[in-house]
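Thanks for coming. I will take a few minutes to walk through one structure. Please have a look at it before I start.

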Amino acid sequence: MGAGIAQVMALAGHSVICADIDQAALDKGRETIITGRFGLGAAVARGLRSQEEADAALARVSFALGSAALGDRDLVIEAVPERLELKIEVFKELDRICSAGAILASNSSGLPITALAAATSRPQLVLGWHWASPAPVMRLAEIVRTAWTAEETIVVVEDPEDALPLGRDLETPVPEQSGQPRGGLHWSPPLSNICC
Ligand SMILES: NC(=O)c1ccc[n+]([C@@H]2O[C@H](COP(=O)([O-])OP(=O)(O)OC[C@H]3O[C@@H](n4cnc5c(N)ncnc54)[C@H](O)[C@@H]3O)[C@@H](O)[C@H]2O)c1
């Protein structure tokens, strides 16, 4: 999932670091972006993107083993396996590593974003950002706000000026409920660097 999100973000003009604890997963993610069914090569072959656009997008993506490279990111989109205890540990680590103003988002399909926010010292900067799969194809993603998520955080992630080039639909963010309701949506943020 992370590779698809990275591809969308890179096509939108953002610098992206894909971080994983598994080198094979990083290699596979790179291949997915380049030659995957919904990757950049396929987009060029279908006439959806020019070769120049694809090349430029790929040049914006780098790959890192471990989390050390994430310290300068404006936004991190977590996409580790759907296990709450793992995501809580990842959010604790991200909170320690990332700059104080960095937004931390989770691609969780249904885990409580509030629990992830509570694991950090910046709950106002934490939100759910649930991308529909495959990210390069689907036009919808869901923003989930907790009781702590700041309006400014939502505004940054939903900036329509940046959203429109992606052709994704904007809807009002949904509040977190038991399970995450589908419907509130999003697209991509006006941030200079991203991590998936
Ligand atoms: N696959 C989908 O269709 C889909 C759709 C929407 C949302 N999601 C959500 O996205 C998240 C990821 O799902 P997926 O299917 O891509 O999982 P996946 O198992 O395919 O990929 C998860 C990756 O996370 C890596 N990882 C594990 N622990 C890590 C850590 N501590 N730090 C960094 N990387 C770590 C793994 O090596 C693996 O490469 C889940 O929360 C899932 O619910 C998935």
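Two notes on conventions. Residue numbers start from 1 along each chain, following the sequence as written. The model is predicted, so to speak of a local feature a pLDDT of at least 70 is needed, side-chain atom pairs count only at pLDDT 80 or more, and totals for chains, interfaces and linings use all residues.

A residue is called buried if 20 or more other C-beta atoms lie within 10 Å of its own, exposed if 12 or fewer do, and partly exposed in between, with C-beta atoms placed from the backbone.

Start with helix H1, residues 2-11. Ten of its ten residues are buried, so the helix is largely enclosed by the rest of the structure. Just after H1, Gly 13 has a positive phi of about 100°.

Now the core. A nonpolar core is a set of buried Ala, Val, Leu, Ile, Met, Phe, Trp, Tyr and Cys residues joined through C-beta atoms within 7 Å. The largest one has 43 residues, and those touching the most other members include Ile 5, Leu 104 and Trp 129. H1 gives the most to this core, seven residues.

Next, the strands. In E1, five of six residues are buried. E1 runs parallel to E2, residues 61-65, and five bridges join them; strands count as paired if DSSP finds at least two bridges between them.

Which residues come nearest the ligand? Of the 18 around it, they are Met 1, Ala 25, Glu 82, Ser 109 and Ser 133. Strands E1 (15-20) and E5 (126-131) are the elements that give two or more residues to this shell. A residue is near a molecule if its C-beta atom, placed from the backbone, lies within 6 Å of it.

Ser 133 is also joined to Pro 134 by a cis peptide bond, with omega about 0°. Pro 134 sits in the loop between E5 and strand E6 (141-145). Most peptide bonds are trans.

Last, Ile 97, in helix H5 (residues 84-97). Is Ile 97 buried or partly exposed? With 16 C-beta neighbours inside 10 Å, Ile 97 counts as partly exposed. Ile 97 and Ser 67 are 30 residues apart in sequence, and 8.0 Å apart from C-alpha to C-alpha.

Definitions and conventions:
Helix = DSSP H or I, 4+ residues; strand = E, 2+ residues; numbered from the N terminus.
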